[in-house]
Amino acid sequence: MSVDAARVFVPDVHDSSGTVTSARARGWVLALMSFAAFMAALDVLVVTTALTTIQRSLGATAEQLGWTVNAYSLALAVSILAASALGDRFGRRRVLVGGLGLFAVSSAACALAPSIGLLIVARTVQGIGAATIMPISLTILSATFPADKRGKAIGIWGGLTGLAVAGGPLIGGAIVEGLAWQWIFWVNVVLGAVLIPLILRRVAESHGPRVRVDLPGIALVSAGSLGLVWALVRGNGSGWTSTEVLSALAGGAAALVAFVSWELRTRTPMMPMPYFRLRAFSAGNAAASFMTASLFGAVFLMAQFLQVVSGDSPLKTGLQLLPWTATPMVIAPLAGVLADRIGERWILTAGLTLQAIGLGSVALVAGPATPYLALMPGLLIAGVGISMAIPTVQNAVIGAVPPHAIGKASGTSNTFRQLGGVFGIALAIAVFTRTGDFTSPAGFTDGFSPALMVTAVLSLLGAGSAVLVPARRAQ
């Protein structure tokens, strides 16, 4: 998006004192915050079509490939609420620039990583940088625009971040095929070098309420999530009754129980625990978590299936995923308009049910010799379903809380979605590695079909959660 394009949406206005507020300045903020968020959102799934190439280049196992995605998402999930508090306390522009710098440096480390272990470490740091970029860019944008123009600006920001997630597999495939897998990370270095000086020059510094950062809460939710994910990923290799796996499960569960207990007692919780008593808030977050678990797990599997089994190139793989990943650009706006008229419950329920049907049908027909045309109807059905679910689940969560709590509610929803994605990939890997491997198309399919069926079940669980969202009509 160019600055001139952004100005179309932000004509000059006058404030109460008669002073003209610069549309050009707001246009710069809109463009810079949108591009920053696009860069961070892109890296959630941009590596999926590069995973097969990375596996061959670095000799990675299925478990290690999962961690190249999950390390990023897990770090993003547990850091996103803390990043907002740091921006309010120390200056939003300052913390955003620091996050962009960290993101760019860690991206360079990813590109230079000589082993899969170092790549996973660098991806973890990259996720922390992304956790700074996503919420603070939105906060700066919201503070820059007046109320009557804020919705349209946030819509552009959200549209670009959604496009980044959906287009990640295609963009990653194009870069891997045209250059090399390392360039999916070098691009971030170039973008960071351009964005940082522009933000320092064009974006004013701002602060928010000085809230204490909930470090114990962050530590507990990080330990709990890591323990459960570690157990899922290592279960088949070490044995589900091994000391390693049982200790990880018990420790992770204990840490999450301690996290809930701490959040209920502390004066500065990272999550607004009282709002979980609201059915729309709790059911909406549950649906969001299952939705992302299903989506991320399925994208992780499909991107590799098309390369390992069908022998497609990374670019062709990205293109073949478009009937699934590109549908939000058409369906999501329509679903949002419909949700404003009839409420979110049944649109969200129908969307997650359709995604389950689509993924289940792909799992049933997939085989070593299955043509792509046999897979496409299922991908399209799943795409329509997820396109209905994405905008409505966010509306359900945000609509459940009073206006002053929207920021924290949005951060909580983002955390649940990212953690859902982490667990979805971990569960898909656990099922895949029990019966499948990378040695042959038949070996991969043996693990792929049951693992993809599990992602369909996760989507059905999300639909079950969506039914619990109270029916309501937008006023």
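**Figure 1. The second largest pocket and its centre.** A pocket is an open set of points, on a 1 Å grid over the protein atoms alone, where a 1.4 Å probe fits, with protein on both sides within 12 Å along at least five of seven lines. In this predicted model, local features need pLDDT of at least 70 and side-chain atom pairs pLDDT 80 or more, whereas totals for chains, interfaces and linings use all residues. Residues are numbered from 1 along each chain, and side-chain values use heavy atoms, without hydrogens or water.

**Figure 2. Helices and residue classes in the lining of the second largest pocket.** Helices H9 (215-238), H10 (243-265), H11 (279-308) and H17 (406-435) each supply at least two lining residues; helices here are DSSP runs (H or I) of at least four residues, numbered from the N terminus. H17 provides the largest share, 6 residues. The lining holds 15 nonpolar residues (Ala, Val, Leu, Ile, Met, Phe, Trp, Tyr, Cys and Pro), 4 polar and no charged ones (charged being Asp, Glu, Lys and Arg, polar the others, Gly among them).

**Figure 3. The salt bridge between Arg123 and Asp43.** The structure holds 1 salt bridge, defined as a side-chain nitrogen of Lys or Arg within 4 Å of a carboxyl oxygen of Asp or Glu. The N to O distance between Arg123 and Asp43 is 3.7 Å. Because Arg123 lies in helix H6 (residues 116-144) and Asp43 in helix H2 (residues 23-45), the pair ties together parts 80 residues apart in sequence. Both Arg123 and Asp43 are buried, that is, under 20% relative accessible area with a 1.4 Å probe, protein chains only.

Conventions:
1 Å grid on protein atoms, 1.4 Å probe; cavity = no way out; pocket = protein on both sides within 12 Å on 5 of 7 lines; lining within 4 Å. Buried < 20%, exposed > 50% of the residue type's maximum accessible area, 1.4 Å probe, protein only.
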